[in-house]
Amino acid sequence: MTALGGAGGPVVAADIGGTTTRVAAVQGGQITRRLERPTPAAAGPEAVTAALLTLLGELDAPGPLGVACTGRVVDGQVSAVNTRTMPGWTAFPLAVRLREALGRFRTQLERLEADLDDPEE
């Protein structure tokens, strides 16, 4: 995986989970703002993508976008490991959808053990 944002530049992080989707503005390795909403997983990948885009719009933060998600990621396409949790996610072109919708972002999509939880919680 290639680092986003260079030497401490601003980045936007997103974590699409089976129950919660989180986005965060990150500067110098520190979360400066964080939002989360329930993931509309049962509604399918288009609804989840729309919910993510809404959160990113609310966050309104500059910088490239890094996305961690549940499932397998191959060439920017996501396939659910548990299709009961994330129905419809079979080679879903999430990276393409995000690039088309966000244009200004360089988008990196990975299957990561990402955690945008507030360390204070």
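Buried denotes a relative accessible area under 20%, exposed one over 50%, and partly exposed anything in between, computed with a 1.4 Å probe on protein chains only. By this scale Glu-36, at 33% relative accessibility, is partly exposed.

The model is predicted, so local features need pLDDT of at least 70 and side-chain atom pairs count only at pLDDT 80 or more, while totals for chains, interfaces and linings use all residues. Residues are numbered from 1 along each chain as its sequence is written, and side-chain values use heavy atoms, with hydrogens and water left out.

**Nonpolar core**

A nonpolar core is a set of buried Ala, Val, Leu, Ile, Met, Phe, Trp, Tyr and Cys residues joined through side-chain atoms within 4.5 Å. The largest such core comprises 24 residues, and Ile-16, Val-23, Leu-65, Trp-89 and Leu-94 have the most contacts inside it. At least two core residues come from each of β1 (11-16), β2 (20-27), α1 (45-59), β4 (65-69) and α2 (94-102). Helix α1 gives the most, with five residues. Helices (H or I, at least four residues) and strands (E, at least two) are DSSP runs, numbered from the N terminus. In soluble globular proteins, nonpolar side chains tend to be buried together.

Ile-16 illustrates the packing. Leaving aside residues up to four places away in sequence, Ile-16 touches Thr-21, Val-48, Leu-52, Val-67, Ala-68, Cys-69, Thr-70, Met-86 and Leu-94, where contact means heavy atoms within 4.5 Å.

**Salt bridges**

A salt bridge is a side-chain nitrogen of Lys or Arg within 4 Å of a carboxyl oxygen of Asp or Glu. Across the whole structure, four are found; the table gives some of them.

| Salt bridge | N to O distance |
|---|---|
| Arg-34 and Glu-36 | 2.7 Å |
| Arg-37 and Glu-58 | 2.5 Å |
| Glu-46 and Arg-97 | 2.7 Å |

Arg-37 belongs to strand β3 (residues 30-38) and Glu-58 to helix α1, so their pairing ties together parts that are 21 residues apart in sequence. Both side chains are partly exposed: Arg-37 has a relative accessibility of 37%, and Glu-58 a relative accessible area of 34%.

The bridge between Glu-46 and Arg-97 links distant parts of the chain, with Glu-46 in helix α1 and Arg-97 in helix α2, 51 residues apart. Glu-46 is partly exposed at 43%, as is Arg-97 at 27%.
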